[in-house]
Amino acid sequence: MQPFALEQGRDIADTIRRGRMPGTDYIAGGTDLVQLLKDDVRRPRRLVDLEGLDLDQITVTPQGLRLGAMTRMSEVADHPAVIRDYPVISQALLASAAPQIRNLGTIGGNLLQRTRCTYFRDTASPCNKRSPGTGCAAIEGVHRTHAIFGGSRQCIATHASDLAVALVALDAVVHLSGPNGARDVRLTELHLMPNDHPDIETVLHPGELILAVSVPAGAWTRRSSYLKVRDRASFEFALTSAAVALDIQDGKIRAARVAAGGVGTKPWRLPAVEQALVGAPATTATWQRGGRLATAGAMPLRDNRFKVRLLRATVTRALEQVGGEA
Amino acid sequence: MIPITTASRVDGRLKVTGGARYAAEFAPAQDNVLHAVLVQSTIAAGRVASIDTARAKQVPGVVAIMTHENAPRIDLGKAGDMTPGFPLLQDDRVMFNGQHLAVAIATSFEAAQQAAQLVELHYNRDEATLLMSDNPTGTSVPQRFRNGMRPPASTRGTPQASFDAAAVKIDQIYRTPIEHHNPMEPHATLAEWQGDRLLVHNASQSVFGNRKALAGFFGLPEDNVRIVSPFVGGGFGSKGVSWPHITLAAMAAKLVGQPVKLVLTRRQMFTSNGYRPKTVQHVRLGADRDGRLTAVLHDGISQNSAYGEFSEPVGLASEMLYSCPNVAVTHRLSKVNQGLPTFMRAPGEASGVYALESAMDELAWALGMDPIELRLKNYADRDEHEDKPFSSKTLRACYEQGAAAFDWKRRVAQPRSMRDGRLLIGLGMATATYPVNRSEAAAKVRLQADGTAIVRCGSQDIGTGTYTVMAQLVGEHLGLPLDRVRAELGDTALPQAPVSGGSQSVASISPAIREACLAVRAQTLQLAAGDPASPLHGLDPEELDVADGRILQSAEKSRGETYQALLARQGRAAIEADGSAKPGEEKQKFSMHSFGAQFVEVAVDPDLGEVRVRRHVGAFAAGRIMNAKTGRSQMIGGIVFGMGMALTEATEVDPRSGRVTNATMADYLVPVHLDVPEIEVIMVAEQDDAVNPLGAKGIGELPTVGTAAAIANAVYHATGQRIRDLPIRPDKLIDGLSI
């Protein structure tokens, strides 16, 4: 760890003023950043603490759900209205990490957590995401858990958040504030594909801060679920996962929201699956068709080929769990 | 009163209240400790061309950067055969990725850590060998197999010809990955020189082993070196030999002339203190149609380092576990540019019995025979390899009691025939075995004027309950409640005891403690009988007994007095005696092993390939169990260790750099609570008068053995898929499942 200064802004404006300075990172729960500091992966000169900014409200209205960026993962997971009306969000959070981490980790921080690619987190390894231009060790190295969607010649690291998969499925919008004012960005647009610049992970400008995340209400959110497949039963990132929300009326699917985790370089929405589901009967055959379509365009490598088959099974199962067997 | 053999651990309260001090928590008497952080290589083979320490030295608080250029010279010849003599900063060679190349020493841990990250290493690279051989080509025969105590290969009968002629054959390759011990407590050393005397606090499974190593390296009499290790937060074999960081801490302290504390990071624990090596095991079994084994061939290759030798003895159990006239076992090594492997909980048996017991399961299927029946058909009533009787063997009862508790008979033989809803259910079993080890040990027992006792023995308690068993023995023999006995261990100032490894601690130290207790007791009884003022005066000491802190007449228990009364009258501060014990003829006369049977129920998701253990029953016969409570904990822990081996644990190495890629607890997956279901442990009664005076065989490793095979066999029963390459993760099952 290299020395850094720890600061706190008086308010949001002051926080952003500090945050825009070169060499500055924001710190929220710190469950990811502190590890990165200890491992020398991040070497900020200054940390600006977001504690105390009054960004920790959970608001439920007929229009939707709004989660303050500093809301703790555990608070959202245990919130009765979230459990009732947006079960996929609660389930994705409860499938994440361990209770101690969920008690500290925040919603904003969770969306901006860095990849679990082990080469990214080991400073002695090449990694274009950490040290641009050094190469990608994973492409020919140990990549069993890496992405089958969205990879480039420069990077195949997955985005590790479960929450982001659920929120991407539910059309979440991120409310930002930065040196140039406030703006809203759809969560599907927040994260960038690695392409030639895997080190640039989001559309956030220097100093720009997530204030909150909104999820619009919809007929599908109540009938939703998150399914996660992993190497051990708990406290482990996804090999594959699926967030599914369905609106089914009279045995027919009226609306579908489907996204996948553990497979993409960013939270991976599956529009082809959604399109195939809408209008289809809620039957096993439909779920299986959805599962098959989930891997269209997958680009697996030597050791993560199994994810293609596993993702199909995961999406099929998640659809079936939400839509019912028929 | 709680019966002494189910007593809670005497150090439990200290541990849960933070009162137990571990190596890194000690500080020198003067507040002058410096902190050391290791700098490790980032290539797998070559030489250090140059080390630029300029930036590192600019960090405020940095005292020195120790490299091979300025490190004190040490004597590599006298540290003992078991002590790795590399990497100790004596030359510029790089033999593996993650090798110690420098030590940053500073006034604070933070400064040392920062400086370590700023040391710049430049190399002349050599080509590294990173992949171990998959077959005997390119491998070598171990030169010091089992420390030279037995040959690396054995044959009896005509194994090859009998296999060729066998009616039913199994011929398969089984693979196990690198595994790391990952004890909770990181390795830590605090080294302090007082002139030519060296005091070291170390996280250790062997304080006397550490003393021998350090005395050898620094050319000191052993008496000049003291190692202290009162509490150890798990070792599993990784704290058994004297790994280089211990010596480097002492070298650093010498270099800067101040005490130095060195704590390994979790990442460094993947390249600094050994590991269970990767193995490739070729197992061939031949049997007649009735299931009688006619040939057992077990050829093991284990990965070795490029500079030392450690051989994983995978075939030893195959030599003796079953009755078979034709058996051949070989062990070979494949050198790669990795660190030196070492003992890890049940070395040899954990990996080897996975292969053998998987093959036995395959044979049972090939024969259409119940797996237990096959094992009973080939039950060995004597050790056919050593050609000796077993000192005791109660394996039949383990099969019976385990099967009954598990309800094995509900198992439907056909694979994929048992379900719970959508889940595929599989039941599997395997045999467990582990040798009984014992070494020489000494102890001192002191009965004090205040009616308390102290037992001193330089053993270690690595979380297993050694403190408790030591106190118990004194309590039993001197008739004292446990709260009046204090046990001291983990210090070379105490009587000598062996490494806490090979499941031998209780078997080694208990006879010595017992002997010391009996001597104290005899002196005490003598004293009472001879004291005219004692109510017991004039009685034959043979008529006396001790109980509840008193000396009394056996025939009339109300007649007696307290220890305090006797010692006060006698003007004695204490009655003290030494005890020592070493193995006798028993090893020449008997083959000594513990045995057990493991039963596992798994559920496998037929679409997702997730395997979850739903139930585990382990039945073990290991002689006398000294403390049923700590013993049960140890057995459960051993089984969980095997579950990790079966399903989640594997150290991944980058195929091009030779670097461990998952050197964190987030990426190296040990089982978590949700992976561990109900575990039932059955302690099968067994009396063994031959192994040692206490009849205790050792239980630390036995429960790990066979667990992985039982799980793999259950997975086969559930899915019809035989996984011969651990760990069994969804990627290995998914292709063969339903979709």
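Trainee: In which helix of chain A is Ala77(A) found?

Mentor: This is a predicted model, in which local features need pLDDT of at least 70 and side-chain atom pairs count only at pLDDT 80 or more, while totals for chains, interfaces and linings use all residues. Residues are numbered from 1 along each chain as its sequence is written, and chains are lettered from A and ligands numbered from 1 in the order in which they are written. Helices (H or I, at least four residues) and strands (E, at least two) are DSSP runs, numbered from the N terminus. On that basis Ala77(A) belongs to residues 73-77, helix H3 of chain A.

Trainee: Is Ala77(A) buried or exposed?

Mentor: A residue is buried if 20 or more other C-beta atoms lie within 10 Å of its own, exposed if 12 or fewer, and partly exposed in between, with C-beta atoms placed from the backbone. Ala77(A) has 20 other C-beta atoms within 10 Å, so Ala77(A) is buried.

Trainee: With which residues is Ala77(A) in contact, leaving aside its neighbours within four places in sequence?

Mentor: Two residues are in contact if their C-beta atoms, placed from the backbone, lie within 7 Å. With those sequence neighbours left aside, the partners of Ala77(A) are Ser90(A), Leu93(A), Leu94(A) and Arg102(A).

Trainee: Which class does Asp171(A) count as: buried, partly exposed or exposed?

Mentor: Asp171(A) sits in the loop between helix H8 (163-169) and strand S6 (173-178) of chain A. Its phi is near 60 degrees, a positive value in a residue other than glycine. Most residues other than glycine have a negative phi, and most peptide bonds are trans. Asp171(A) has 19 C-beta neighbours inside 10 Å and therefore counts as partly exposed.

Trainee: And which class does Asp548(B) count as?

Mentor: Asp548(B) also needs its backbone stated: phi is positive, about 50 degrees, although the residue is not a glycine. Asp548(B) is found in the loop between strand S23 (544-547) and S24 of chain B. Because Asp548(B) has 12 C-beta neighbours inside 10 Å, it counts as exposed.

Trainee: What is the omega of the peptide bond from Phe86(B) to Pro87(B)?

Mentor: Pro87(B) lies in the loop between strand S3 (62-67) and strand S4 (93-94) of chain B. The peptide bond from Phe86(B) to Pro87(B) is cis, with omega near -5 degrees.

Trainee: Which elements of chain B do the buried residues of H13(B) pack against?

Mentor: In helix H13 (residues 563-570) of chain B, the buried residues are Tyr563(B), Leu566(B) and Leu567(B). They cover an arc of only 90 degrees around the axis, which puts them on the same side of H13(B); the arc is that of the directions from the helix axis to the C-beta atoms. Gly571(B), with a positive phi near 70 degrees, follows H13(B). The buried residues of H13(B) pack against strand S20 (441-448), helix H12 (505-530), strand S24 (550-553) and strand S25 (556-562).

Trainee: What is the radius of gyration of chain B?

Mentor: Chain B contains 17 helices and 29 strands. The radius of gyration is taken over C-alpha atoms, and the globule rule is 2.2 Å times the number of residues to the power 0.38. For 739 residues that rule gives 27 Å, and chain B is close to it, so chain B is as compact as a globular protein of that length; its radius of gyration is 27 Å.

Trainee: How many residues has the largest nonpolar core?

Mentor: A nonpolar core is a set of buried Ala, Val, Leu, Ile, Met, Phe, Trp, Tyr and Cys residues joined through C-beta atoms within 7 Å. Among the residues with the most contacts inside the largest one are Ala104(B), Ile105(B) and Ala252(B). Ile105(B) touches residues including Leu34(B), Val63(B), Ala252(B) and Val260(B), not counting residues up to four places away in sequence. The largest nonpolar core has 322 residues.

Trainee: Which helix gives the most to the side of chain A that touches chain B?

Mentor: The contact takes 28 residues from chain A and 31 residues from chain B. With seven residues, the one that gives the most to the side of chain A is helix H12 (residues 306-323) of chain A.
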